[in-house]
2 protein chains.
Amino acid sequence: MYRSHSCGELRPSDTNKEVTLSGWVQKTRDKGFMIWVDLRDRYGITQLMFDEERTSAKVIEKAKTLGREFVIQVKGTVIERESKNANIPTGDIEVLVSELTILNESIVPPFTIEDQTDGGEDIRMKYRYLDIRRNPVKNNLMFRHQVGMKIRNYLSQEGFIEVETPYLIKSTPEGARDFVVPSRMNEGQFYALPQSPQTFKQLLMVGGMDKYFQIVKCFRDEDLRADRQPEFTQIDCEMAFVEQEDILNIFEGLTRNLLSEIKGVEIGNFPRMTYDEAMRTYGNDKPDIRFDMKFGELNEVAQHKDFKVFNDAELVVGIAVPSGASYTRKEIDKLIDWVKRPQVGALGMVYAKCNNDGTYKSSVDKFYDQDDLAKWAEVTGAKPGDLICVLSGQSHKVRAQLSALRMELAERLGLRNPEEFAPLWVVDFPLLEWDEDTERYHAMHHPFTSPKPEDIALLDTNPGDVRANAYDLVLNGNEIGGGSIRIHDKETQALMFDHLGFTPEEAKAQFGFLMDAFQYGAPPHGGIAFGFDRLVAILGGQETIRDFIAFPKNNNGRDVMIDAPSNIDTEQLKELNIQLDL
Amino acid sequence: MYRSHSCGELRPSDTNKEVTLSGWVQKTRDKGFMIWVDLRDRYGITQLMFDEERTSAKVIEKAKTLGREFVIQVKGTVIERESKNANIPTGDIEVLVSELTILNESIVPPFTIEDQTDGGEDIRMKYRYLDIRRNPVKNNLMFRHQVGMKIRNYLSQEGFIEVETPYLIKSTPEGARDFVVPSRMNEGQFYALPQSPQTFKQLLMVGGMDKYFQIVKCFRDEDLRADRQPEFTQIDCEMAFVEQEDILNIFEGLTRNLLSEIKGVEIGNFPRMTYDEAMRTYGNDKPDIRFDMKFGELNEVAQHKDFKVFNDAELVVGIAVPSGASYTRKEIDKLIDWVKRPQVGALGMVYAKCNNDGTYKSSVDKFYDQDDLAKWAEVTGAKPGDLICVLSGQSHKVRAQLSALRMELAERLGLRNPEEFAPLWVVDFPLLEWDEDTERYHAMHHPFTSPKPEDIALLDTNPGDVRANAYDLVLNGNEIGGGSIRIHDKETQALMFDHLGFTPEEAKAQFGFLMDAFQYGAPPHGGIAFGFDRLVAILGGQETIRDFIAFPKNNNGRDVMIDAPSNIDTEQLKELNIQLDL
């Protein structure tokens with residue numbers, strides 16, 4: 001038996017007990033006649049004490065050889081500490097060691113195993129197994145487990161069945177790129193790894209499974225942006241005989257339950273907003289509503305003067321920055337530089353300070369008088385002391401730019417409190433979106449999303465205006481879940497494929513099994529999928545998903561710890577009937 | 001709202017309630033003035049009634065168009081049935097329908113959606129989404145979910161953390177063939193899909209995670225034998241600071257808990273048997289101990305006469321078949337044919353009937369007298385009325401043959417009761433096994449399994465005799481779990497790689513990250529992995545794992561429903577820097 005107790009367990013009530021502990025040497029202090037060792041395991045740290053007067057010379061000698069991260073086992077007696085440490089739960093006691101076994105030695109780790117480490121991201125990823133020893137990473141992984149268990153138990157109690165869908169499936173050209181897997185037994189053919197279990201969960205609904213969920217890995221071979229992973233985990237859900245309202249209620253319940261049980265935050269009914277309203281009010285389909293700074297559209301109150309920039313613009317829109325009137329000229333110039341960065345892309349920014357005395361001072365005073373600026377303040381909700389920032393241009397571009405500015409300012413103003421949670425349903429997403437590259441409409445969600453019945457007639461005339469029965473759950477400015485009511489009849493599905501540019505032959509080749517299935521009594525159904533990595537990160541009060549994944553990949557899709565991907569044998573390639581083509 | 005109740009819910013206490021139900025038409029009976037429809041959903045069947053006198057003509061007319069598997073919604077009143085059906089929970093009531101909506105029609109399904117279907121395996125797999133509507137398949141999937149939840153909650157309560165390990169990892173030539181995934185971003189390189197998360201769970205132990213589990217898909221590109229799947233699910237577990245005894249106790253507890261809570265079967269301490277004993281007593285390292293028929297080794301009592309077949313044999317071994325003395329000559333001949341089938345491979349079989357009067361009649365009476373045969377009966381434990389079946393030859397071959405016969409006879413004798421559960425730990429597996437093809441030793445378990453310290457010296461002289469700290473959990477003649485105490489120091493691991501024929505360079509290229517990790521204070525650790533598909537099937541009282549997998553693949557690794565694997569675009573291949581080589 002390697003241990004009688006963990007290193008986080010002993011208390012003054014255990015005084016005089018004979019105990020056995022195992023763990024890692026966190027640090028040692030050698031005072032000559034006395035040696036203290038902090039022993040660490042998953043559960044905490046316990047101080048060990050070696051005392052020349054009470055510990056055998058042989059044990060003392062061995063203790064002097066201990067280095068950081070050695071793995072040891074000790075036997076000893078729990079005693080009360082002379083100088084207590086209120087910072088750790090075991091801080092009132094220490095263990096007077098009588099026996100010491102070195103279970104394994106350690107060379108010097110490449111970074112310190114401390115909450116605040118000296119190791120940079122790259123080195124920590126290469127030695128991720130050491131990084132995991134650190135509390136911040138270890139706690140994140142344990143937190144992830146806890147959230148996963150809560151979700152599974154909640155959904156299971158609501159009657160959902162977790163069904164495992166296959167990983168070796170069929171490649172489809174729609175959507176992102178698939179990772180593919182050559183089949184040795186089926187020469188020249190390939191499996192694909194699922195981008196999501198979408199079609200399988202719909203087939204489970206056709207199969208009568210009614211309430212399905214799965215916490216499941218999904219795969220996308222995309223050029224990785226920051227904080228995207230080629231493999232990621234999804235909470236995938238689907239229900240039959242439901243309308244949008246039923247789905248929103250169930251998953252609002254799940255989210256409310258998580259916030260309550262895990263964060264102790266009680267939230268009532270989640271607000272709802274249409275996609276159009278979200279875009280108009282926040283310039284964004286996943287607005288962070290922990291703070292205000294709503295968009296004020298200024299066309300009516302800013303296009304009546306000789307200011308050509310505004311007059312030529314499709315949209316003039318501003319936000320009020322709380323207490324921003326105190327910004328210096330230099331600070332405002334830096335803000336203007338910020339919105340002009342290529343990542344944001346504004347051509348410039350107009351501003352107006354709302355002075356505390358009720359007067360205004362703007363960068364366009366030669367065009368606009370105090371009455372004009374008072375109207376800007378009214379529309380943007382600016383109060384004395386605030387700064388109005390105004391951008392103008394093409395609607396969809398300027399909304400994105402002002403949204404970026406809004407988020408940046410909120411960050412700087414400390415308005416994005418990670419311990420505050422503001423969920424929001426965004427509903428009535430467009431069915432289709434125009435893709436500049438391919439010059440055709442793509443499904444905004446996916447090709448199985450149902451159009452609103454009253455909008456179907458628009459498919460032929462104004463495809464971009466057709467709304468879908470599609471919804472996103474947004475939390476603190478992040479889309480944490482998205483879903484839709486699906487098409488469940490063959491005719492509407494064929495109509496959709498047609499509008500997405502599939503020939504009937506292509507549709508049959510790719511999704512024939514789904515179209516076939518729809519002939520045998522498919523029930524009305526719909527669902528939702530949550531990004532589990534993101535959800536856990538946000539609940540954990542952080543924004544980087546990588547910190548909540550045990551073994552993440554870097555931005556080139558590499559696992560630098562195991563050095564994958566890697567070359568494989570020519571023989572292996574031959575068996576798979578493929579060759580390299582570099 | 002599509003339904004107020006499910007189709008399994010209504011009882012006489014609901015009489016006179018107005019209800020809304022949705023589901024599939026199981027069957028209709030049209031008596032002209034009255035129509036009955038069995039409406040089915042996941043939860044059960046409710047009888048609907050359309051009565052000319054009480055239902056509108058329009059609704060009656062629509063009801064007459066209903067075909068099997070149409071999806072409908074009805075509103076109506078719960079009434080007591082005149083002729084009750086005691087076979088279903090809703091059998092005392094029916095719903096008098098006032099409104100009927102056809103939600104979706106169905107063409108005639110290719111097989112009947114009944115517990116006993118007319119559909120063969122192939123057609124049911126092609127239309128698996130219809131097969132899942134049938135109770136036997138649906139119940140298996142729900143049972144699987146239930147078992148999964150129990151396991152997760154049990155392990156979580158025991159302090160285990162579920163950690164998701166990556167699916168896109170590194171290919172290793174050891175063990176079975178990997179499925180590989182070409183990397184687009186890392187030209188000419190490949191990921192591999194994990195055959196198990198073995199190295200990652202060991203790295204989690206190095207990382208201090210202490211108690212890990214994961215229910216996870218694993219992949220093996222093997223030529224598929226019956227009832228093997230290229231992707232399968234594993235309950236993967238690992239613990240640090242443990243000895244073999246700790247692991248056996250924890251997972252014996254898990255299995256006992258499952259048997260108790262899911263099957264209502266209470267089992268005390270699981271018996272244990274060494275690998276050697278299992279091979280000698282049952283000819284098999286996963287013996288079914290629900291029944292006896294233990295092997296009796298007959299060399300001493302059968303090699304003293306002139307029967308050359310036995311005298312030349314390394315091993316002469318028999319079993320007693322209960323009540324087998326009554327077999328006719330024809331039946332015994334068929335048994336001899338059975339053991340001579342190429343799948344079993346015996347050259348012949350000697351038998352001796354133990355007559356009820358205490359005399360013996362054998363197929364080798366000209367060599368052996370009554371005293372000889374009495375000794376055979378003693379060694380095999382045969383009683384009057386039994387049949388002794390004896391095989392001879394090379395030990396390892398003849399054991400396998402007699403084991404096959406033992407299982408076959410037990411099956412015929414009805415001794416393999418699927419509702420009886422007999423778990424068994426088999427311990428002390430050999431570390432290495434000789435591979436005829438490559439003419440070298442392979443790791444019997446995997447290269448990370450630790451040898452028993454007292455046997456290490458044998459590595460150089462008698463590698464085949466070295467025992468490992470390895471164990472299997474056997475249930476009803478199936479290996480449901482297997483594991484080992486791992487090597488946790490770099491030196492022993494290097495020694496193992498050396499004995500497995502790895503050069504230091506090869507070992508470094510394949511497992512360098514693990515060897516590196518072992519330098520930084522790896523704790524003693526070990527673990528176990530259960531085959532989840534198999535475990536669920538056995539708990540479900542069945543032996544075919546395919547019946548417990550939602551969307552299984554056939555013996556060619558194909559998903560015949562979605563028709564995968566399939567061809568992919570040349571452009572896609574080009575992006576991946578590979579080309580076909582057929």
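**Exercise 1. Work out how many residues of chain B are in contact with chain A, and how much area the two chains bury.**

Step 1: Start with the head count. In this predicted model, 124 residues of chain B touch 124 residues of chain A.

Step 2: Now go for area. The size of an interface is often given as the accessible area lost when the parts come together. Here chain B and chain A bury about 11,100 Å² between them, and carbon and sulfur atoms account for 59% of that.

Step 3: Look for the top contributors in chain B. B:Glu164, B:Phe241 and B:Tyr520 lose the most area to chain A, and together they make up 8% of what that side buries.

**Exercise 2. Find out how many salt bridges link chain B and chain A, and check one of them.**

Step 1: The count is twelve salt bridges.

Step 2: Take A:Glu162 and B:Arg152 as a test case. Their N to O distance is 3.8 Å. The cut-off is 4 Å, so this pair makes the list.

Step 3: Ask which element of chain B gives the most to the side touching chain A: that's helix α4 (residues 135-157), with nine residues. Sorted by class, that side of chain B has 65 nonpolar, 28 polar and 31 charged residues.

**Exercise 3. Describe how strand β23 of chain A pairs with strand β23 of chain B.**

Step 1: Locate the strands: β23 covers residues 578-580 in chain A and residues 578-580 in chain B.

Step 2: Get the direction. They pair in the antiparallel sense, over three bridges.

Step 3: Pick out a facing pair: A:Ile578 sits opposite B:Leu580.

Definitions and conventions:
Residues are numbered from 1 along each chain as its sequence is written. Chains are lettered from A and ligands numbered from 1 in the order in which they are written. This is a predicted model: local features need pLDDT of at least 70, side-chain atom pairs count only at pLDDT 80 or more; totals for chains, interfaces and linings use all residues. Side-chain values use heavy atoms; hydrogens and water are left out. Contact means heavy atoms within 4.5 Å. Buried area is the accessible area (1.4 Å probe) that two parts lose on being put together, summed over both. A salt bridge is a side-chain nitrogen of Lys or Arg within 4 Å of a carboxyl oxygen of Asp or Glu. Helices (H or I, at least four residues) and strands (E, at least two) are DSSP runs, numbered from the N terminus. Ala, Val, Leu, Ile, Met, Phe, Trp, Tyr, Cys and Pro count as nonpolar, Asp, Glu, Lys and Arg as charged, and the others, Gly among them, as polar. Two strands pair if DSSP finds at least two bridges between them.
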